[in-house]
Amino acid sequence: MPVGLSNTLPKIHPVAGVYLGATAAKIKKNGKTDLVIIELMEGTKTAATFTTNAACAAPVTLAKSHLKSKQPRALLINSGNANAATGEAGLENARKTCQWLADELGCSLEEVLPFSTGVIGEPLPIQKIQQGLPDALANRSINGWPQAMAGIMTTDIVPKMVSRVVNIDGHDITFTGMAKGSGMIHPNMATMLGFVVTDAKISQALLETCLQQAVKKSFNRITVDGDTSTNDACTLSATQQVDMPSISDINSTAYHAFSQAVNEIMTELAQMIVRDGEGATKFIEVEVNGGLSEEECLKVAHAVALSPLVKTAMFASDPNWGRILAAVGRAGLVDLDINQLQIYLGDVCIVDKGGRAASYTEDQGQAVMKQADISVRIELNRGEVSETVWTCDFSYDYVKINAEYRS
């Protein structure tokens, strides 16, 4: 079971101007829901960010192209097939599915953004999508979030949704979002699909700024296994339906409140992905303080978070602190003085002045390691910058899940 998560969905607040439909188009071998449509009413503004993997999937290429010319009226999402490493045929297949949906909705091809997740290298079964579209369209509802969530999952065990109403300058603003992701998780951006919508009225420029800032501190701060996917994408859509002045000043209290809400929602969704990491039994926060720059703090944090030796020790509840120290040492920081270093497991100092802390005992370390939520805090003591990355342990099940992924 994922760390600290359950299958129970939160109270979901529908967002005015957003309609969701889903169906089982038999793309997945298990016959579960795998085709999702998110219809956005005319006038909705959308910002998006995508994987930096050079081998990006056909839907990523097409969605980026469509966004340059039109604001989307619909998002078309399939699970069970990534439509990645499929060449020109993959692009043409993605275009066809977008055109079919566009024809049904009475909009242009460019107003549909495609998203896919699943196995890489297999042709997209477009006839199944074509046959499934009428059912997904017929199921559209402002309350269709649970069905849509089920339709974007692959190896996820639990759904990942956040929904809340936030008062901004006297106006109640609804935010609802969902994400999928469990394995092949690593920046930039972390392997996942994420969709957040709000009924707020906000300018396109600030919507894009908000998304970039939120993704940087959430989905780009998680790692499960160090593999960045071909299909990562995250969208933030604002339907403009609340009767309020448009948020257009980055220094305004309204933008600050809006940005804070989006940051919190995306951070919560990102942490859910790590907690549902394939085979995870521990949720691990790696905090690096006292660095000279963001870059070097992230180097250290990722060195620890990505270390198979650290992650397997976490799984075994083995306080083998030398593995953490070794990871920090190989992070590549220029002129790092190990003698200035301190490392903490929870509140327990395990390393001081380059070696075992004088006050540390094995029992103290093991008590922390047995917890489901573990914090590792690294004090570099050479600057003022701090960064945090979230990861999970490596268990036997991680190998099993990925060894059997295509079966």
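Strand β9 (residues 233-238) is mostly covered, with six of its six residues buried. Buried means under 20% relative accessible area, taken with a 1.4 Å probe on protein chains only. Strands here are DSSP runs (E, at least two residues) and helices are runs of H or I of at least four residues, numbered from the N terminus.

This is a predicted model: local features need pLDDT of at least 70, side-chain atom pairs count only at pLDDT 80 or more, and totals for chains, interfaces and linings use all residues. Residues are numbered from 1 along each chain as its sequence is written, and side-chain values use heavy atoms, with hydrogens and water left out.

Both faces of β9 are covered. Ala233, Thr235 and Ser237 are buried on one side. Cys234, Leu236 and Ala238 are buried on the other.

**The sheet**

Five strands form an open sheet of mixed pairing, in the order β3-β9-β8-β7-β6. β3 and β6 (160-168) stand at the edges with a single partner strand each, so one side of each has no neighbour in the sheet. The twist averages 10° from one strand to the next. Two strands pair if DSSP finds at least two bridges between them.

| Strands | Sense | Bridges |
|---|---|---|
| β3 (residues 45-50) and β9 | antiparallel | six bridges |
| β8 (residues 193-198) and β9 | parallel | six bridges |
| β6 and β7 (residues 171-180) | antiparallel | nine bridges |

Individual partners can be named. Threonine 49 has cysteine 234 of β9 as its bridge partner. Valine 197 stands opposite serine 237 in β9. Isoleucine 168 stands opposite histidine 171 in β7.

**Helices on the sheet**

Helix α5 (residues 204-217) lies across β3 and β9 and runs at about 30° to β3. Helix α6 (residues 253-275) packs on the sheet and touches β6, β7, β8 and β9. Its direction makes about 165° with that of β6. Angles run from 0 to 180 degrees between N-to-C directions, with axes fitted to C-alpha atoms, for helices over the stretch in contact. Contact means heavy atoms within 4.5 Å.

**The cores**

The largest nonpolar core has 48 residues. Such a core is a set of buried Ala, Val, Leu, Ile, Met, Phe, Trp, Tyr and Cys residues joined through side-chain atoms within 4.5 Å. Phe175, Phe219, Phe258 and Met266 have the most contacts inside the largest core. The elements giving it two or more residues are β6, β7, α5, β9, α6 and β15 (385-392). α6 supplies the largest share, 12 residues. Another core, of 37 residues, lies apart from it and includes Cys297, Leu333, Ile343 and Val376.

How values were computed: Buried < 20%, exposed > 50% of the residue type's maximum accessible area, 1.4 Å probe, protein only.
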